[in-house]
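Reader: I'd like to go through this one label by label and hear what stands behind each. Can you take me through it?

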Amino acid sequence: MTPPHRPDQGTDPQQPGQSPRQDAQATARPEHSAGQDRETADRNEAPAGADGAHRSVFLGRLPLRERTFLADALRTETVGGTLLLAAAVVALLLANTAAGGFYQDVKDFHFGPEALHLNLSVADWAKDGLLTLFFVVAGIELKRELVAGELRDPRAAALPIVAAVCGMAVPALVYLAFAAGGGDLRGWAIPMATDIAFALGVLAVLGTGLPSALRAFLLTLAVVDDLGAIVIIAIFYSAGISFGALAGAVAGLAVFWFLHHRGVRGWYVYVPLALVVWGLMHASGVHATVAGVAMGLMLRCSLRPGEETSPATRIEHQVRPLSSGLAVPVFALFAAGVTVSGGALGDVFSKPETLGVVFGLLAGKTLGVFGGAWAAVRFTKAELNRELGWADVLAIAALSGIGFTVSLLISELAFTDDPVLADEAKAAVLIGSLLAAVFAGILLKVRARRHRSLVDAENRDEDGDGVPDVYEEHNPDFHLRMAALYEAKAAEHRRLAEVATGHDVTDDGPA
């Protein structure tokens, strides 16, 4: 699940602690200080190896602006993840108590205009309608990653992309290995997706903090997973395509793009147009959430003269709370309500499809992400950040096995003609995600002290200027401010000593 956002790509002056992709532009910036150049080189390049070549750093320190945007956005996603967990628990309670009949009646209640093919159940409105907001945010985040984030520079993006692709391929192979012996192969994509909000919700419950580099790595994994899920849903889980309705949806998207890039503003223009595009996409047979992704990708992430924020950032700030606080929890409320009796749990651990989902999330994601990251570092000129270890990468790989929103959606799309198997696949998603969360929690607790020290170092701001000290290590003004600060403290302690002794005090003791 996509969450956070990246800084706009515009004309803002370069901040200290820039990334490798920004370092290439430094020589063309006369105002860029030598101190910043040294800091960038120190962080993003390891010492030359035996071959004399410098090595890039995997999981190196984030640029300051990127780290700030990441922290702000992930804070929202953490709240959304907590709501998501609460909605899943409520759904399970409703489905497995005396309220189960009422819960099922609400899910199956249909409303909407039949003439427009929109007479849908409440559960379908949550899945096809509200969840589109989540995919709008996913599209914006993907666009920002491609324009100004970790995926902008192919060299910097190679490692997380390889890890993410392996983290999608291996779970699918694990599922196929289990289902090949007589199971239904259509669910191969269920264990592929990482739910960033659910993962952050688990981190919030565990009280475990992660250094920003690890959080950014988890985000990039989720973004690439979302891209894979979007492609898979559009290609493999769309049926009975109506090319007339699809052409209408494409035309509507073209109008959306034209108006947006001509600078037309006003929700009264775009909201009705978005609803028309969504309705046509739904009628075409392509899953309606693809319309949300397409509109998110069309939003402009760059800044124009006179703008403080890009349209993508502005719209994301408006839509993200609705996505994290309403759309995704409501979807979870109606999608996660499956029976978890002893017999149902026994079925999960006895059927090839559900075993494939559980082990795909628990083992497939962990092995895929960790193996992909290790192979990318092993066979490229890269080194792991010296402040971190491969145990940290393993913990993030395990955390990426928490699949929820997209996995539940694909469970419904894969087994539309078999509601019982769809519910069993959902139960397998819940169990696999729970096991992955427990495994990741154990690994994170083992590394908690190390992570806490790194987070404290990242946040330390002794001079109180609002910029973490690690980003000012090569700034002479910072060291002058710190010298003045310590001199003032020394003078105060000297005064207190004089008060206590009643004598003048020098640096060598009482005068």
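Author: Let's begin with residue classes: Ala, Val, Leu, Ile, Met, Phe, Trp, Tyr, Cys and Pro count as nonpolar, Asp, Glu, Lys and Arg as charged, and the others, Gly among them, as polar. By those classes, the lining of the largest pocket has 18 nonpolar, 7 polar and 4 charged residues. A word on the source: this is a predicted model, where local features need pLDDT of at least 70, side-chain atom pairs count only at pLDDT 80 or more, and totals for chains, interfaces and linings use all residues. Residues are numbered from 1 along each chain as its sequence is written, and side-chain values use heavy atoms, with hydrogens and water left out.

Reader: What makes something a pocket, and which residues lie nearest the centre of the largest pocket?

Author: On a 1 Å grid over the protein atoms alone, a pocket is an open set of points where a 1.4 Å probe fits, with protein on both sides within 12 Å along at least five of seven lines; lining residues have an atom within 4 Å of a point. For the largest pocket, 29 residues make up the lining, and Tyr270, Val271, Ala274, Ile315 and Val319 lie nearest its centre. Its volume is about 940 Å³, taken as the space filled by probe spheres set on the points, which are joined across faces, edges and corners.

Reader: Which helices each supply at least two residues of that lining?

Author: Helix H5 (122-148), helix H9 (243-261), helix H10 (267-284), H11 and helix H12 (311-335) do. Helices here are DSSP runs (H or I, at least four residues), strands are E runs of at least two, and both are numbered from the N terminus. The protein chain has 19 helices and 7 strands.

Reader: Why is the pair of Phe134 and Phe135 called edge-to-face?

Author: Rings of Phe, Tyr and Trp (its six-membered ring) pair if their centres lie within 6.5 Å; planes under 30 degrees apart are stacked, over 60 edge-to-face, and the rest tilted. Phe134 and Phe135 have ring centres 4.9 Å apart and planes at 80 degrees, so the pair is edge-to-face. The structure holds 10 aromatic pairs.

Reader: How do you know whether Phe134 and Phe135 are buried or exposed?

Author: Buried means under 20% relative accessible area, exposed over 50%, partly exposed in between (1.4 Å probe, protein chains only). Phe134 has 0%, so it is buried, and Phe135, at 2%, counts as buried too.

Reader: And what makes Trp188 and Phe236 an edge-to-face pair?

Author: Their ring centres are 5.3 Å apart and their planes stand at 90 degrees, so edge-to-face is the label. This pair links distant parts of the chain, 48 residues apart: Trp188 is in the loop between helix H6 (154-179) and helix H7 (196-206), while Phe236 is in helix H8 (residues 212-236). Trp188, at 21%, counts as partly exposed, whereas Phe236, at 51%, is exposed.

Reader: Why is Thr289 called buried, and what does Thr289 touch?

Author: Thr289 has a relative accessible area of 1%, so it is buried. The place of Thr289 is helix H11 (residues 289-298). A contact means heavy atoms within 4.5 Å, and Thr289 touches Lys127, Asp128, Leu131, Thr132 and Phe135, not counting residues up to four places away in sequence.

Reader: What about Ser121, buried or exposed?

Author: Ser121 has 7%, so it's buried. Ser121 sits in strand S4 (residues 120-121).
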